[in-house]
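Q: Please take a close look at one part of this model. Walk me through what that part packs against and what it contributes.

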Amino acid sequence: MTGQRLTIIGERINPGFKSTKELFEKDDLSGIQELARRQAAAGADYLNVNIGSRALYDKAFMKEVIQAIQDVVNLPLSFDFPNVDVQAVCLETYDIEKASGRKPIVNSISETRWDMLELLSIRPFKVILMASERLEDGVGRANKFSAEVALVAKRMTEKLISGHGLSADDIFVDVSISALSSDTEGLLHMAIEGIKAISNDPSMRGVHLSGGLSNIVQQLPAKAADGSDLKSQIERAFITLAMPYGFDTVLGTPWKQYEPLAPDSPVLAQFQQIISARGVDAMRLVRKLYRG
Amino acid sequence: MLEELVRAIADMEEELALQLVRDFVSGGGDPQQVLDACRDAMDLVGKRFEAGEYFLPELMLAGDLLEQISAIVKPLLVGGPQASVKTAGTVLIGTVHGDLHDIGKNIVVFMLEVSGYNVIDLGIDVPVEDFVDKVRELKPPVLALSGFLTLAFDSMKETIDALSDAGLRDSLKIMIGGGQVDEAVRSYTNADAFGLNAMDAVSLCRQWLAA
């Protein structure tokens, strides 16, 4: 895998991070700018922008945030709202010149909110496709199996390319990386198998495979039983298993180390055991990671 | 022995806890006391979770252990298993429309159930009318709305507005949870409270339903 590098969509402009939440609460636009610069300097390829629920009722602030970020970095942005009205504000505000002509990303569209594609009338964009849910007989359903993930990814990709003029390179299929601490249903297993299935499909060649990796360590302690950095090793365990199959883009923190673990890493072995387990057995194995 | 049981459950010593329960009831011990010990143990687990000493897997393992213990002692309660349906109250729960996430909600359901609440789970992507109809039908004291996506905040607001329009809001305590809920979202949706995790949901129910 040497020489390969993951594309990084910098995730830090999001009130899910406590320090960022404070910046938003204080309307600290220069603090947001600093965060944008810091991610760019650390190697981010895109910057994800999420201002939380305020986007729903404070469109002026949404605009100000985008403009402030674009004033200091020339990276393309990824707008993180599953909502047409908010996305419209973002896409209208986006200054493509300031991003050296590069298109923004709409994060995210799924079969259940396909009408968001009407936003293409505002400007061309790349898109993150949520492959964790599907529309069946008009009803949204959460996918539980990798075959469902691969099928819905293929269905959406075909429509985007044949019907909406996007190229494979404009598409990021998000396989939805679940939290290990509550994965009793094998959803991480589904994500990795889904990546494998998509990479085996010649019609999906050139499409990017992505996921929000920080979610995987939610609600877990910082340290493993042996005192080592648990969170980083779990993130890297996922990368180790997914990268060989074309997982090439991570929504994550640019200054983190996103590289595969050594093949003999104990955490890698434990991670593989956990994602093969189900129910409380999986929880018992997760607990072992940090209790020994 | 009951103190030992509380400690064993809270310290996640599954085998020991189950053995203690079997020994206690086969020696003629009162099964209701076992259930009381379970509740004390769960309080301890909840406190350790809030203190950052325990994590989600411990909550779920403790919940599972409580279920196993209940399965042993409930048939032995005076009046049989039916007598044990001394519920702490009913909670109606669901993921609001437009949102298909259920992992967090399912953990909340599980923790509420092991804490003695009668939980009615409407599932995911629940239409506003379904919440209104069920509240009208069941008159639960507590409604819990879950949602992970930011669009869920609008759905929560619509659901709560519809309950007000139907005249059902006043008799109801509503909590929201999931994703990035916070005080701003609570106030935007007009919910009574928000919770950041499953133990918050249990604590809120305890506050609201303390008889």
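Predicted model: local features only at pLDDT ≥ 70, side-chain atom pairs only at ≥ 80, totals over all residues.

A: Domain 1 covers residues 2-84 of chain B, and domain 2 covers 90-209. Their contact takes nine residues from domain 1 of chain B and eight from domain 2 of chain B. On the domain 1 side, α3 and α4 of chain B each supply at least two residues. α4(B) gives the most to that side, with five residues. By class, the domain 1 side has five nonpolar, two polar and two charged residues.

Next, the helix pair itself. α3(B), residues 31-50, packs with α4(B) at an angle of about 180°, and the axes are 11 Å apart. Angles over 145 degrees count as roughly antiparallel, so α3(B) is roughly antiparallel to α4(B). From α3(B), the residues include Pro31(B), Val34(B), Leu35(B) and Cys38(B), along with Met42(B), Val45(B) and Phe49(B). They meet Glu58(B), Leu59(B), Ala62(B), Leu66(B), Ile69(B) and Val73(B) in α4(B). This contact has twelve nonpolar residues, no polar ones and one charged.

Now the chain contact. 22 residues of chain B are in contact with 26 residues of chain A. In chain B, α4 (56-73), α5 (103-114), α7 (151-165) and α8 (183-189) each supply at least two residues of the side that touches chain A. Here too α4(B) gives the most, with six residues. By class, the side of chain B that touches chain A has 15 nonpolar, two polar and five charged residues.

Definitions and conventions. Residues numbered from 1 in each chain as written. Chains lettered and ligands numbered in written order. Contact = placed C-beta atoms within 7 Å. Helix = DSSP H or I, 4+ residues; strand = E, 2+ residues; numbered from the N terminus. Nonpolar A, V, L, I, M, F, W, Y, C, P; charged D, E, K, R; others polar. Axes fitted to C-alpha atoms, helices over the stretch in contact; angles between N-to-C directions. Parallel < 35°, antiparallel > 145°, perpendicular 65-115°, else oblique. Domains from an automatic or database assignment.
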